[in-house]
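This report examines a protein chain together with the DNA strands beside it. Please consult the sequence and structure below before reading on.

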Amino acid sequence: MLALLDGNNFYVSSETVFRPALAGLPVVVLSNNDGCVISRSDAARALGIKMGAPWFKVSHLADSDGLVALSANFPLYGDISDRMMSLAAGLGPAQEIYSIDECFVSLDGIPGDLVDRARRVRARILKWIGIPCCVGIGPTKTLAKLANHIAKNAERKPGSYPAHLAQVCHLGAMPQAELLDLMASTAVGEVWGIGRRIEAQLQEANIRTARDLATADVPTIRQRWGVVLERTVRELQGVACLQLDEQPAPKKEIACTRSFGHPVTTLPELLEAITEFATRAAVKLRDQQSLANQVMVFAHTSPFRSGPRFSRSCVTPLSRPTADTRRLVAAGVAGMRKIYESGYLLSKAGVMLLDLQDDKIEQGALALEPESKDQTVLMGTLDEVNRRYGRGTVTVGSAGTSNKPRGWEMKQARRTPAYTTDWNDLAITRA
DNA sequence: TCTGGGGTCCTAGGACCC
DNA sequence: TCTGGGGTCCTAGGACCC
């Protein structure tokens, strides 16, 4: 048996831990450059704000309905996530951290009432960390996910599911008929692995609910949609196709990409951005002890606006695998110089490190080269300094860039939330 | 005015080989 | 003029996830 535990409205809940007066208010957390909504409180959801909604389309709700918007603070969310995960691990013998706000936990060999156990862990997370969460339990990952969906909605939308399934829902210990009823109340698009496209195709084939999918003809599914959907169907039937992965493999590619705060048109500005992206990606690369063999860069104009379109990418092979920021930046800059063309309002660019390998494989071969040893020491020192004194304390320059304020970074100071917290009485007052 | 960022897996089709 | 069958590898693109 497996549990899926996840934090409700995780980013908003994390903010609320430090600003309790936000509780109950319509609150959203916005993406980079305050572009779009990436987390909503229940009250914000009730205002009809969709996940991913562009901020400029919903910002009027700040005036009309007191919607509070906050810029994302990822270091905070990461820290709260670590604490939540360590308590969630108490559910069972093995844990897979699936994303910043959710984890699967194996319940194998756990004696006693699993629902009671889950409720106690949930209560502990709420009390010690301040994050409300829900737990779904089932014999497969897909069923645990479904159980979690039921647990959340039974709480959030009373009447959608039986009230006793709120917060903790165990699908592995109920009669088949009851399980099928719950599935019949669940739209097929809510099933883990069914996105918009597949949902539309399933609808057309008259498969509308989770129950329809769970009872569909497997060979037909496989033939028309392939193995991925077949696995989902089998998982819904209780046959585990996806294993718990306690130690996720190292990343096969590492990216750093950003939308610009305002359109970028000049090469120097673009190269500055590429230098920063490559630098950040290089840190991630060293953190997982990998080396890259290729550097890919891309830039494009906004897909949402009219005007001349530009979208190009360039892969630069490296002469030998490396994790040296200077080499990675140089390759990225060289690639961008190749594809850049003036006359376009670029909205986004990025760097991806590809064809990664374990750095230990290379160590033997390169140990003889004094230069590579120096690189390793230098990069280790760089990472340590930046860890201790903050990212960007020591950076690598690249030709054509300067250390002027980075115009591409921030749209402008829309980061000020519409409300501020008065720390004395924790009341929310209009800024 | 203003639309996120970072991943994974699968498939189809082409190139190439014997 | 006639021109097999099967395998592998690579890449681009599609779809999904949070």
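A polar contact is a pair of N or O atoms within 3.5 Å.

## Overall composition

The model discussed here is predicted. Chain A has 431 residues, of which 46% are buried. Its secondary structure comprises 16 helices and 15 strands. Of the contacts in chain A with a separation of 6 or more, 66% are between residues 24 or more positions apart.

## The surface near DNA strand B

DNA strand B is surrounded by 24 residues, and the closest are N32, R231, A255, T257 and R305. Of the atoms of DNA strand B that come within 4 Å of the protein, 71% belong to sugar and phosphate. The surrounding surface consists of 9 nonpolar, 5 polar and 10 charged residues.

Strand β9 gives the most, with 6 residues.

## Strand β12 and its partners

Which strand is joined to β9 by 7 bridges? The partner is β12, and the two strands run antiparallel; β9 spans residues 254-264. Within this pairing, S259 has K348 of β12 as its bridge partner.

Strand β12 itself covers residues 346-354 and is mostly covered, with 8 of its 9 residues buried. Strands of a sheet pair through backbone hydrogen bonds, either parallel or antiparallel.

## The surface near DNA strand C

DNA strand C is surrounded by 13 residues; the closest are S99, K145, G193, R197 and I198. Sugar and phosphate make up 100% of the atoms of DNA strand C within 4 Å of the protein. By residue type, the surface near DNA strand C divides into 5 nonpolar, 3 polar and 5 charged.

Several polar contacts with DNA strand C can be listed. A polar backbone atom of G193 is 2.8 Å from a phosphate oxygen, and a backbone N or O atom of I194 lies 3.1 Å from a phosphate oxygen. D101 contributes a polar side-chain atom, which lies 3.1 Å from a sugar or linking oxygen. The elements that give two or more residues to this surface are β5 (94-99) and α9 (196-204). The largest share, 3 residues, comes from α9.

## The five-stranded open sheet

Strand β5 also belongs to an open sheet of 5 strands, arranged in the order β5-β6-β1-β7-β8 with mixed pairing. Because β5 and β8 (168-170) stand at the edges, each with a single partner strand, one side of each is left without a neighbour in the sheet. Neighbouring strands are turned by 15° against each other on average, direction ignored.

The partner of β5 is β6 (residues 102-106), to which 5 bridges join it in an antiparallel arrangement. One of the residue pairs here is Q95 with V105 of β6. Helix α6 (residues 114-128) lies across β1 (2-7), β7 (133-138) and β8, and runs at about 155° to β8.

Is helix α1 mostly covered or mostly exposed? Helix α1, residues 10-18, is mostly covered, and 7 of its 9 residues are buried. The buried residues are F10, Y11, V12, S13, S14, E15 and T16.

The elements covering these buried residues include β1, β2 (27-30), β3 (37-40), β4 (68-71) and α5 (74-88). Among them, β1 is also one of the strands of the open sheet and one of the strands across which α6 lies.

Definitions and conventions
Residues numbered from 1 in each chain as written. Chains lettered and ligands numbered in written order. Predicted model: local features only at pLDDT ≥ 70, side-chain atom pairs only at ≥ 80, totals over all residues. Heavy atoms only, no water. Near = heavy atom within 4 Å. Polar contact = N/O pair within 3.5 Å; in protein donor to acceptor, adjacent residues only side chain to side chain. Helix = DSSP H or I, 4+ residues; strand = E, 2+ residues; numbered from the N terminus. Nonpolar A, V, L, I, M, F, W, Y, C, P; charged D, E, K, R; others polar. Buried < 20%, exposed > 50% of the residue type's maximum accessible area, 1.4 Å probe, protein only. Pairing = 2+ DSSP bridges. Axes fitted to C-alpha atoms, helices over the stretch in contact; angles between N-to-C directions. Contact = heavy atoms within 4.5 Å.
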